Amino acid sequence: MATRAAGVALAAGAVVAGCAGPTSMGGFSERDARVTSAAAAPVDACSVRTGLLVVEVERVVVNEYPHHDPTSAHAQQPLLVRSIFAEGQPESEGDVQAWVSPLRYRVGQEIGSFAAVRVLERPLRALAGKRIVLRLAENDRTNPAGWNHVAQAAGGAAGASGAVGFGVPSALVQEGVHLLAKLDRDDLILLWQIDAGSLVSALGRDAGPGGASGAHALRFALGTPRRAPDGMAPAAMVDVLVFRQPEPGCP
């Protein structure tokens, strides 16, 4: 895939070169780049800072793990992976962040490590046209998981102090591809996808960060169509809270 992409880029470059000649390398001179004046205009900051959209995990229960023998007493170490990407953009090239539980849990136990974890906290104005995906997965100890390599490369680590989040910077986009591919192929338990705009609309325009309606929130009770072996409950359940809160300095 990388070879194919490189070929496309080279072909495009050849077309440009044929039309306009070779591109001069290097940046502009400091004389051309330095801003000599910048007039400041007073604005009401809170008129444009319309609040943060928060997606917070409230409760997680796994009733069946993909690599788990129901008769075994061995506990599992789950992880959450959240991605945000724009329409038309590959998911792996967006913002990928993961949280791994430092503790192990048995089937049916509530995963306390993920309680109150905010998987998203972004200004509303930065989420236009974005899609949010949340995955619950299993850390398969029998096969070194891709997320572990990404965490180390990105400077993160699964410490003993609690669930740890790490971002995948642009230099590690390919690792993000591997991470998502592995989760979906080998370790996926639950998958939720939603447009950020639909969350904002569901909250309502009057549910802004100020006033009585600012406390308004939505709870999404997510459950897999797959049932646990006893057939009584979903294989996994995740309760998610979605709400708006003011940005710093705004009421």
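Contact here means heavy atoms within 4.5 Å. This is a predicted model: local features need pLDDT of at least 70, side-chain atom pairs count only at pLDDT 80 or more, and totals for chains, interfaces and linings use all residues. Residues are numbered from 1 along each chain as its sequence is written, and side-chain values use heavy atoms, with hydrogens and water left out.

**View 1. V238 and its surroundings.** V238 touches V57, R59, V60, L136, L190, F220, A221 and L222, leaving aside residues up to four places away in sequence. V238 is also among the residues with the most contacts inside the largest nonpolar core.

**View 2. The largest nonpolar core.** A nonpolar core is a set of buried Ala, Val, Leu, Ile, Met, Phe, Trp, Tyr and Cys residues joined through side-chain atoms within 4.5 Å. Buried means under 20% relative accessible area, exposed over 50%, partly exposed in between (1.4 Å probe, protein chains only). The largest core has 33 residues. Two or more residues come from each of β1, β2 (78-86), β4, β5, β7, α6, β8 and β9. β1 gives the most, with five residues. Apart from this core lies another, of nine residues, among them V96, A98, A137 and L183.

**View 3. The open sheet.** Helices (H or I, at least four residues) and strands (E, at least two) are DSSP runs, numbered from the N terminus. Two strands pair if DSSP finds at least two bridges between them. Four strands form an open sheet in the order β4-β1-β9-β8, with antiparallel pairing. β4 (118-123) and β8 (217-223) stand at the edges, each with a single partner strand, so one side of each has no neighbour in the sheet. Strands β1 (residues 52-62) and β9 (residues 236-245) pair over ten bridges. The bridge partner of V61 in β9 is M237.

**View 4. Helix α6 across the strands.** Helix α6 (residues 196-203) lies across β1, β8 and β9, at about 100° to β1. Axes are lines fitted to C-alpha atoms, for helices over the stretch in contact, and angles run from 0 to 180 degrees between N-to-C directions. A196, L199 and L203 are the buried residues of α6. They cover an arc of only 60° around the axis, which puts them on the same side of α6. The arc is that of the directions from the helix axis to the C-beta atoms. Just after α6, G204 takes a positive phi of about 90°.

**View 5. Confidence along the chain.** The mean pLDDT (the predictor's confidence in each residue, from 0 to 100) of the protein chain is 76. Over residues 1-18 the pLDDT is below 50. Where pLDDT is low, the predicted coordinates should not be read in detail.
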